[in-house]
Structure formats: C-alpha cells, structure tokens
Amino acid sequence: MNSTRRSFLASSAVALTGCNFIPSFKKGDLIDAHVHVWTPDVQKYPLARGYAVSDMRPPSFTPEQLFAHCKPEGVNRIVLIQMSYYQYDNRYMLDMMQAHPGVFSCVAIVDQHAEGLAQTMRDLVKQGVRGFRISAGKEKNLSEWIGSAGMATLWKTAAEMKVSVCPLVNPDTLPLIDKMCEWYPDTSVVIDHFARLGMAGAPKSEEVKNLLRLARHAKTHVKASAFYALGAKKAPYLDMGPLIRQVRDAFGPQRVMWASDSPFQVDPGHNYHNSIALIRDRLDFLSEQDKAWMLRGTADKVFFSSVAV
Ligand SMILES: [Zn+2]
C-alpha cells in the first residue's frame, strides 16, 4: 500500500475512533505495554498451586528492578500483566500499582468458571485493572475454552466496563478470536506478541493473514512485543520488520503498541534497549507519528484512560 493511501486510512481510523489528538513523540514519556513483576516474598504473596520458588526465573523482578532497565530509555509508565505464578491472586500487581501512583496500569487474570465472575471483574476495575488476560495455554479443546459461559460473561463484562480482553494465544487460535470479535464487537481486544507468530519457525502466510484479518474489527489491537522470542530471536531483531510493517499497515499505528515483555526481554543475551530501539530507531518505514502511537499513544488510550465504575 502506498503511503498516501496508508495515511488516509490511518486518519480515517482516528476519525472513526473519535480520537483526534496526535500525540507528540518525545523522549521521556513512553509506555511499555507488557511487563510482569514478582517478589521473592512468598510468605506475603504465595505462589499458586503447581508452582515452586525454583520456577521463578529470575528469582525476583520488582518494580525497582524494572525501573533500572526502562527509565534510562524514557519509559515511565508500564502496563503490568498478572504473572502465572500467582494465577488468580492479583494482589502483588495491585499493591505495586498503589505503591507507585500514576506509573502502572494492570491486566488481571480471573477464573472464568468461578461464581460471581462479573462482580469480581467490576471490583478489579475499581482497583485500577484495565484488562483481563485469557490464555489458551493448557486448554485441550480450544472451542470449548473460548465458547464457555464464563468466557461469554468475561467478554460482555469487559465491554460494559470499557476495559480490554487480552488473549495470549498461538496462531492456531486466531480464527476463534476472530469469531469472538464478531460476536462481541463492543469489546476492546489486545492480542499479545503478534499471537506468537514466528515463535516456532517462520510463520505461515495463512497465519499472518489470520492475524491481519482481525483488523476488520474496529476494537482490536496488537502488541508488537516479545522480540526475544520471535523470528530469529536475535538482536537487533531486524527480521521482525516486515511483520511490524504489515501489522501497522493493516491496523494503523493507533491500534499497535510496543511492549518489552520483561523480565524475559532482559534475560542473558537480550536487553531492554534493543527491544525499544527496534521501534524507536531502527525501522525506517516507521514515521515519527507511527512511533508516537506505538510507544505511547495507543497504550495510553487503551490502558491509562479512566473508565466509568
Ligand atoms: Zn508476558
């Protein structure tokens, strides 16, 4: 698509979403849309059944440890994603949000089969949660998982509360997510890590098509993230460029947000700088306006705006 056509589409997307500000791109006010934190204090914050302290790698990743990586890059706001170690106990993440006012937004995990699911979600939104993570991870029957009564409540309640559903899925689940977006057009959706395209070898063109097809739903977004785990899995991650370009062209930069997925991005062999630098400095097809949305504007709109509770 040529750039005139693309910028026309981008500006109509702005008009459609009723969001007519163009954020300026300035160093020092950037948002990382996906980080996990945890503490070695397992007395106060016990791990969920099935997890041992030895599973926590690194053994600790607190907000202070995160700030040492992200602040030198001008990242001052972060979306925390509930860590699997704590399963449905979102307390550590919420406590950290309270301890650092204005710094964090939160994506929680709830039990889709629990009684009173909608009320649990409402209570979490009151505490500052702006998204709910769903994960196809260990599900054997994906259609049953996504088609359950609890999942319907989750998508409906998220729409009512004006918060997002955040699927962590592999490419094979994209057609099911597409169906859900069709059934729940008012629900904002944020796909983690390009639906892990390229995690297990080069993505098939059918899989890429299935991700891009989600752009037809006005409230879908994609996280451009987890570069350490995708493609060649090697900094400077330039091989991710073509996918980033396709996603930006299909969704418009207003629906793409960069994220590091720390602490995994800061494992040995990778670092924080190389993740943000790919979007900020290394892809010449990204305009200053694209970067402003991807490094701040989109996540600001989706995860840091106030909601009616
Ligand atoms: Zn993650």
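Biologist: In which loop is P58 found?

Modeller: P58 is found in the loop between β1 (30–35) and α2 (63–70), where helices (H or I, at least four residues) and strands (E, at least two) are DSSP runs numbered from the N terminus. This is a predicted model, in which local features need pLDDT of at least 70 and side-chain atom pairs count only at pLDDT 80 or more, while totals for chains, interfaces and linings use all residues. Residues are numbered from 1 along each chain as its sequence is written.

Biologist: Which form, cis or trans, does the peptide bond from R57 to P58 take?

Modeller: Most residues other than glycine have a negative phi, and most peptide bonds are trans. The bond from R57 to P58 is cis, with omega near -5 degrees, and a cis bond also joins A235 and P236, with omega about 10 degrees. P236 lies in the loop between β7 (220–225) and α9 (241–251), and Y237, found in the loop between β7 and α9, has a positive phi near 65 degrees.

Biologist: Is Y237 buried or exposed?

Modeller: A residue is buried if 20 or more other C-beta atoms, placed from the backbone, lie within 10 Å of its own, exposed if 12 or fewer, and partly exposed in between. Y237 counts as buried because it has 22 C-beta neighbours inside 10 Å. K162, whose phi is near 60 degrees, has 16 such neighbours inside 10 Å and therefore counts as partly exposed.

Biologist: Why is α11 described as largely enclosed by the rest of the structure?

Modeller: Helix α11 is described in that way because 13 of its 16 residues are buried.
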